[in-house]
Amino acid sequence: MNDRAIASAIVIERTYTAEPEELWALWTTKEGFESWWGPEQFRADVHRIEARPGGALHYDMVADTPMMVAMMKDMGEPASTACKGTFSEFKPYERLVLTQIIDFLPGVQPYDSRIAVDFIPASPGH
């Protein structure tokens, strides 16, 4: 672990009625990623997405409502923040790992954020 990494993990499990290809596209295409990524009142504007091992993901996280734009301004923060990541592991329709540098939090030293996603077919009847 490098000195920018934080040693912690959160595991979230979700079950979707969808084909693995549909879910994979949400992580690996501009349209898919932009359709869901980010907290409420923000949107992701993808500039580069290279769906391959070692491929880049560059996007802006943008305050998307007048209220959130005003809130960011009141905090002295920009309404848009550039974000960069890399697909550090990439096994189509099975697993991907997205490693991003978190370098936009005031007063916090930059660190790596690693998101691992496993696409596991549910057993019949689930």
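Here are a few friendly questions and answers about this predicted model.

Q: In what order do the elements of the chain run from the N terminus on?
A: Let's start with the parts: the chain has three helices and five strands. Reading from the N terminus, their order is α-α-β-β-α-β-β-β.

Q: What share of the residues of the chain counts as buried?
A: The C-alpha trace spans about 50 × 35 × 25 Å along its principal axes. A residue is called buried when its relative accessible area is under 20%. Among the 126 residues of the chain, the share that counts as buried is 27%.

Q: Which strand gives the most to the lining of the second largest pocket?
A: This pocket has a volume of about 330 Å³, and 18 residues line it. At least two lining residues come from each of β2 (56-63), β3 (80-91) and β4 (95-102). With three residues, the strand that gives the most is β3.

Q: Does M71 count as buried, partly exposed or exposed, and why?
A: M71 sits in helix α3, which covers residues 66-74. Together with M67 and M75, M71 makes a nonpolar surface patch of about 310 Å². Buried means under 20% relative accessible area and exposed means over 50%. Because its relative accessibility is 39%, M71 counts as partly exposed.

Methods: Residues numbered from 1 in each chain as written. Predicted model: local features only at pLDDT ≥ 70, side-chain atom pairs only at ≥ 80, totals over all residues. Heavy atoms only, no water. 1 Å grid on protein atoms, 1.4 Å probe; cavity = no way out; pocket = protein on both sides within 12 Å on 5 of 7 lines; lining within 4 Å. Points joined across faces, edges and corners; volume = space filled by probe spheres on them. Helix = DSSP H or I, 4+ residues; strand = E, 2+ residues; numbered from the N terminus. Patch = residues over 30% accessible without salt bridge, like charges linked within 9 Å, V, L, I, M, F, W, Y side chains within 5 Å. Areas by Shrake-Rupley, 256 points an atom, 1.4 Å probe, with all protein chains shown as cover. Salt bridge = Lys/Arg side-chain N within 4 Å of Asp/Glu carboxyl O. Buried < 20%, exposed > 50% of the residue type's maximum accessible area, 1.4 Å probe, protein only.
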